[in-house]
Every structure is written in C-alpha cells, then in structure tokens.
Amino acid sequence: TMRAFARSLLLEGAETARFFAPGSVRRLLVELDAGAPHGQSVYSLLCFELWYRRFIMKQVDAHEVVASA
C-alpha cells in the first residue's frame with residue numbers, strides 16, 4: 001500500500017533524516033492515518049526522498065524503489 005511505502009521510505013533508513021526530524025515525520029504520518037490533511041506534505045517528503053536518493057546519493061533508480069515496495 002501507499003502507506004506502507006511511505007513509512008518504509010520516510011522512516012526506515014531515510015536518507016533525508018538529516019534534513020527532517022524523524023519524530024516530526026513519524027508524527028505527520030500518524031496524524032495522516034488519523035485523518036489530518038497532510039497528504040500534500042507526505043507527498044512532498046516522498047518526492048524529496050526519492051530525488052535525493054537518485055540525484056544526490058546516486059543510490060537507486062526510482063523505478064527500483066517503487067517495484068520493491
């Protein structure tokens with residue numbers, strides 16, 4: 001699911017944890033699950049994480065990340 005994908009990417013080994021406090025990201029996801037309108041923020045974090053991995057870390061192809069989720 002998209003929720004599992006977001007949690008996996010943003011909480012477990014997130015490369016961008018140096019930019020965003022992991023506790024705040026976790027709280028954002030919990031609040032989203034509870035119905036808070038944080039969809040755009042989570043989407044932005046996901047895009048930034050994938051961009052950072054691809055172009056800064058040169059770690060993975062975004063298609064590989066999506067295929068493994």
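Residues are numbered from 1 along each chain as its sequence is written. Local features need pLDDT of at least 70 and side-chain atom pairs count only at pLDDT 80 or more, while totals for chains, interfaces and linings use all residues; side-chain values use heavy atoms, with hydrogens and water left out.

**Exercise 1.** State where in the chain confidence is lowest and where it is highest.

Solution. Start with pLDDT, the predictor's confidence in each residue, from 0 to 100. The chain averages 88, and 84% of the residues score at least 70. Next, go to the helices (DSSP runs of H or I, at least four residues, numbered from the N terminus). Helix α4 (residues 62-68) is lowest, with a mean of 59, and helix α2 (residues 22-33) is highest, at 96. Where pLDDT is low, the predicted coordinates should not be read in detail.

**Exercise 2.** Compare the reach of α2 with its expected span.

Solution. The expected span is 1.5 Å times one less than the number of residues.

**Exercise 3.** Find the buried residues of α2 and say how they are arranged.

Solution. Buried means under 20% relative accessible area (1.4 Å probe, protein chains only). In α2, Val25, Leu28 and Leu29 qualify. Seen down the axis of α2, these residues fall within an arc of 95 degrees (taken from the directions from the helix axis to the C-beta atoms), so they line one face of the helix. The buried residues of α2 pack against α1 (2-11) and α3 (39-56), where contact means heavy atoms within 4.5 Å.

Definitions and conventions:
Helix = DSSP H or I, 4+ residues; strand = E, 2+ residues; numbered from the N terminus. Buried < 20%, exposed > 50% of the residue type's maximum accessible area, 1.4 Å probe, protein only.
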